[in-house]
Amino acid sequence: MAEKNYYTIDPQGKLQCMKCGVPLVKGKAKFMYLDNGFPVELPVCPVCGFVYVPEALALGKVASVERALEDK
Amino acid sequence: MAQIQERGSTHVYKVRKISKEEMEQMVARCVYEHPPFCSAACPLKLDVRAFLDAAAAGNFKKALQLYEKIAPFPLVLAMGCEAPCEKACRLNELGDGVAIRAVEEAVSRFGQISKLGGVFRTKKRKTVALFGSGLFALFLAGEIEKKAYPLTVFCAEPDLESFLHSETGFLDEAAFTAELKRLKGKDIQFEFGCALTKDFLEEKRAAFDVACCSAEVFARLYPEAVCDPALMFCESLKLVTGTSAGVLDASFGAKKAALTVDRLAQNLDPNNMRGNEGAVESRLYTDLSEATKLTRVPMEGAGYTEAEAAAEAGRCIRCHCEECLKSCAYLKHYKKHPGLLSKEIYNNTQIIMGDHPLNKPMNSCSLCGQCTVVCPNGFDMARVCHEARQNMVSTDKMPLAPHEFALLDMLFSNNEAFLSRPQPGFETCKYVFFPGCQATAIAPETVKAAYLDLCTRLEGGVALMLGCCGAICDWAGRYEMQEQTNEFLDRELAKLGDPIVIAGCPSCKKELAGHEGLKLVGIWDLLLELGLPEGGHGLERPAAMHDSCGARGDAETQKAIREIAKRLGCELTDTPYSGDRSPCCGYGGLAAYANREVAAEMTEKCLERSDAPYISYCMACRDRFARQGRESRHILELVYGTDAGDPPDISEKRYNRLSLKNELLRELWLEEPREMKLDYELRYTDEARRMMDERMILTDDVIAVLDGVRADGECIQDEDGLLVARRRVGNATFWVKFSREGDGSYLVHRAWSHRMKVVKREG
Ligand code: SF4
Ligand code: SF4
Ligand code: SF4
Ligand SMILES: [Zn+2]
């Protein structure tokens, strides 16, 4: 069964890894906090594996999941 | 770089029990839920407050509905009641108590009768017979009908008029007509003209499930039998009956009797589940100072008109206790009185699995102790919240996030920025000056001036200790960290020869007082003893004194500060809630970290007391008021003629501590401090700086990210052409959006962070 992704961002070739000189692609990643894991799809460098968490995601969805877990 | 261990998992299923008795004792101190004295005195438990409230608003329909809950025949009760409520009314202490009975009468006369669909209601199956007439029988008939039992009344009277007339001679014609109409509307069967003999009663009752009779019938037919007045029940005869010594007594008796009927109809013991019947005691506290209308509204005719009744009802001050809610922005924010809030917070600590919705409220209290002073019963909300925090920490259920920044700040104060030295030329000292972490962060110049002054004017050597007293971890409920901090400070003090600590801040003084054998004095006391140094001066305009919550209950300190202000030539204006009743600026208890909104409301609450500039003696208060744009000065700034100026941001606070330490090391102890120099140039846009302060991101965090990218080159280019890099520092990942300028420097545009870890996932 395919795993459910909590969040997906497709960089559509607009982001570039400066170290490897290649565009970031939509890739599989995982958020982990206090022993809980959430599969997501984020912009990832296909070469070095840099995973990008844009500002809006960090302050929005990620922050609210953090708050919810902290009060568990 | 100090670190704090994040709690491991949300899957920790243990709780530390708090004694239930202790909690209940605490909760019971709050009298918020006690009834007002008028209702407490009413055996029928009329909600007098709500009743008068509705009447005052001219809503007689609602008022009557409330009254009908206790009175099936409102006019009979209102016109005949002895009204113990009126005697209990608090306004009697100042003038006339509220004429509650007269308002009840007007409401019963003018209020719209509610149509409780008498005949069409579904009836219960069990049947009831009632023998006799009079007030008790009338009320009991009304109560039983209300409970929807099919009821038959056997009376000697020939018709309904005469039945109603029995013992109600005090009703005037209009009232009698109204009550007759009401009685006709009730679903009750009558058999008139009955000879109420023993044989008649015995024969008739056989057809019913429950039998009742009036006091007169009972006394006449069964002179030997006894009735239990608590239940209105004669056990041996299985007969519900009553006594009637007046309207209120008959009414209360009918209430108890109706409950007994109900229990018997369900084959239950009549003692079953009766609750707290009759008048009760109340310990409600009420502030009478705002009561203004102290004389009774006069009556033009025999009773109040609608307008008169509404005006009289409007005199009621709706007795209630909210002393603490009036003065505490935190309690006001959560709109809960401490009794209730404590119960919820204690329950929160006992949740084994799942959400802890009260975490944020328990962390938002500033632990300032104001409520304990303003509450007539000394309710100690600070203790409740503090113990709850410790409890959560002990079971590893306390989130680190709300307090981590403050805790790391404390570790910074007691590591990188820590300084402890005897006065140059001394091995050990008689004194040590302990200005506190906030003073060194916010007003380093003032700290320096104070230290130099103490060194020159005190005999026996004055050491200096720059650090945090441990209040931060204490407030966070991190008791193990607090123990470590205490041991650390004790060791450092021992090295200096266990000197007398000169506290620069009342909160430090309070915190350090917990160290066994430690001798303590406030700098304010010494300054009064030594005399004020040259160069100080007061403010040009009259100013308001804000008392620090660290000095609550410390009248000496409050007095000393005022004396200093006076000697400096300050003119102080009076403010409400000063001295022991002073509210917290919002820094205390780490409220500002756990709940910015509530902390801002606390600051607002402090500032609304006066438009004047504020003088305070805690640097955190000074800082928070200045941030709100108020002219705000610490008493030591005035003493030393210094001005700490605009409030620093979070990074500047750290920088100030470190540079004060380095400056003093260089100038006084002739040591060359190891300073970390960046080997590249780093600048920030104004927006970045503002954003970092708001998001609690330090320049040190940004430097960690840029050091990283300079070492490993890992960064990406965003759509807007700017570069983005990240680094994990402690329990958070920091992201920096920056550009490389032509001159090789870095310009930071944005910064953000998150606590979750993010990793690439295979497959
Ligand atoms: S002041 Fe507050 S805590 Fe004290 S009794 Fe009144 S409502 Fe309760
Ligand atoms: S002022 Fe109002 S609430 Fe207070 S005792 Fe009197 S009637 Fe009751
Ligand atoms: S903030 Fe102060 S006054 Fe308010 S509940 Fe907490 S300790 Fe009491
Ligand atoms: Zn790469």
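Start at ligand 2: its shell is made of nine nonpolar residues, no polar ones and two charged ones. Here Ala, Val, Leu, Ile, Met, Phe, Trp, Tyr, Cys and Pro count as nonpolar, Asp, Glu, Lys and Arg as charged, and the others, Gly among them, as polar.

Before you click on, this is a predicted model, where local features need pLDDT of at least 70, side-chain atom pairs count only at pLDDT 80 or more, and totals for chains, interfaces and linings use all residues. Residues are numbered from 1 along each chain as its sequence is written, chains are lettered from A and ligands numbered from 1 in the order in which they are written, and side-chain values use heavy atoms, with hydrogens and water left out.

Now select the neighbours of ligand 2 (a heavy atom within 4 Å): among them are B:Cys38, B:Arg49, B:Cys89, B:Arg90, B:Cys316 and B:Cys319.

Next, hop to ligand 1. Its surroundings include B:Cys30, B:Tyr32, B:Cys321, B:Glu323, B:Cys324, B:Cys375 and B:Asn377. This shell splits into nine nonpolar, one polar and one charged.

Last stop: show both chains. Chain B and chain A each put 40 residues into the contact (heavy atoms within 4.5 Å). What can you pick out there on chain B? B:Ile716, B:Met756 and B:Arg761 lose the most area to chain A (accessible area, 1.4 Å probe, lost on being put together, summed over both parts).

Finally, zoom in on A:Glu70 and B:Arg755, whose side chains form a salt bridge at 3.9 Å, N to O (Lys or Arg side-chain nitrogen within 4 Å of an Asp or Glu carboxyl oxygen).

How values were computed: Buried area = accessible area lost by both parts, 1.4 Å probe.
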